[in-house]
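Good morning, and thank you for coming. I would like to take you through a structure, and I ask you to look at the picture while I speak.

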Protein chains: 2
Amino acid sequence: MTLEVLTPETLTVEIQNQVADLYRQLNDKNQQRRLKEILQPNNNVIVIICKVDGKIVGTALLSTYKVISGYRGMVDDIVVDSSQRGKGIGRKLMERLLDEANHMKIDEVLLFTGHHRAPAIALYKSLGFTLRESGLYNLRLN
Amino acid sequence: MTLEVLTPETLTVEIQNQVADLYRQLNDKNQQRRLKEILQPNNNVIVIICKVDGKIVGTALLSTYKVISGYRGMVDDIVVDSSQRGKGIGRKLMERLLDEANHMKIDEVLLFTGHHRAPAIALYKSLGFTLRESGLYNLRLN
């Protein structure tokens with residue numbers, strides 16, 4: 001198992017295709033944004049991929065931004081291939097994201113996850129995350 | 001009442017001082033990030049300020065980033081001067097943020113707010129926001 005931070009230089013068509021296939025396991029209805037767009041230098045998002053035997057089996061993204069209340073990192077698009085669950089890949093991806101966040105001197109990492117997703121919640125709590133007394137609200141524009 | 005999008009060019013020491021005073025009403029313990037840092041071109045954050053009689057009485061920030069699941073806007077640092085509540089300033093700030101998000105063709109705007117903050121929740125719902133079946137988790141690094 002290897003982890004790497006994807007860059008515009010290391011992105012290939014093969015990586016894009018594999019990530020697209022993987023992400024479809026999570027949600028095959030939503031349109032996906034392309035990695036090329038996500039890796040633009042003006043989009044402050046770290047993309048970690050996990051490979052097993054040369055095949056991409058996991059992704060994790062960290063979007064970073066500074067607001068008055070702090071320098072934040074928002075975790076998104078944590079996906080692990082359904083055939084590779086239970087091998088600690090989600091934990092490895094999260095640990096690497098937190099390493100990157102620490103390196104960038106980010107104040108606080110945030111994430112949201114469905115109340116029903118017990119294994120994911122257990123993982124996040126074991127990494128030190130705590131549930132906030134806040135609700136998450138969204139408004140779709142497109 | 002006037003609303004404006006703050007830019008590096010329009011930021012002054014007076015604006016920074018007024019925003020710092022206003023933000024202390026929300027939280028006088030947390031360290032504040034400076035507007036100069038927030039308005040750097042590589043930090044994709046829109047800062048709206050509301051003035052009444054030349055004095056800043058409200059702020060709203062929208063951080064924008066692209067991940068695989070979409071082009072997101074995260075709302076933060078919504079503050080209205082305690083002497084100016086009930087005048088619709090929070091609504092005006094949010095409407096302006098949503099105008100900016102629409103203009104940027106953002107897919108989805110997100111925010112989180114304390115479960116006990118009934119007036120804020122009523123405002124967000126009236127603007128079309130819905131509560132997600134998700135918990136918000138955080139981990140402070142600094």
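Between helix 3 (89-103) and strand 5 (108-114) of chain A there is a loop, and Lys105(A) lies in that loop. Please bear in mind that this is a predicted model. Lys105(A) has a positive phi of about 60°, although it is not a glycine. Is Lys105(A) buried or exposed? Lys105(A) counts as exposed, because it has 9 C-beta neighbours inside 10 Å, and 12 or fewer is the cut-off for that class.

Asp77(B) has a positive phi of about 55° and is not a glycine either. Asp77(B) lies in strand 4 of chain B. Asp77(B) is buried, because 24 other C-beta atoms lie within 10 Å, and the class begins at 20 or more.

Let us now turn to the contact of the chains. Chain B gives 52 residues to the contact, and chain A gives 52 residues. On the side of chain B that touches chain A, the elements that give two or more residues include helix 2 (35-38), strand 3 (55-67) and helix 3 (89-103) of chain B. Which element gives the largest share of that side? Strand 6 of chain B does, with 11 residues. By type, the residues of this side of chain B divide into 23 nonpolar, 18 polar and 11 charged.

Finally, we come to strand pairing. Strand 6 (residues 130-140) of chain A pairs with strand 5 of chain B in the antiparallel sense, over 7 bridges. Opposite Tyr137(A) stands Leu111(B), in strand 5 of chain B.

Technical notes
Residues are numbered from 1 along each chain as its sequence is written. Chains are lettered from A and ligands numbered from 1 in the order in which they are written. This is a predicted model: local features need pLDDT of at least 70, side-chain atom pairs count only at pLDDT 80 or more; totals for chains, interfaces and linings use all residues. Two residues are in contact if their C-beta atoms, placed from the backbone, lie within 7 Å. Helices (H or I, at least four residues) and strands (E, at least two) are DSSP runs, numbered from the N terminus. Ala, Val, Leu, Ile, Met, Phe, Trp, Tyr, Cys and Pro count as nonpolar, Asp, Glu, Lys and Arg as charged, and the others, Gly among them, as polar. Two strands pair if DSSP finds at least two bridges between them.
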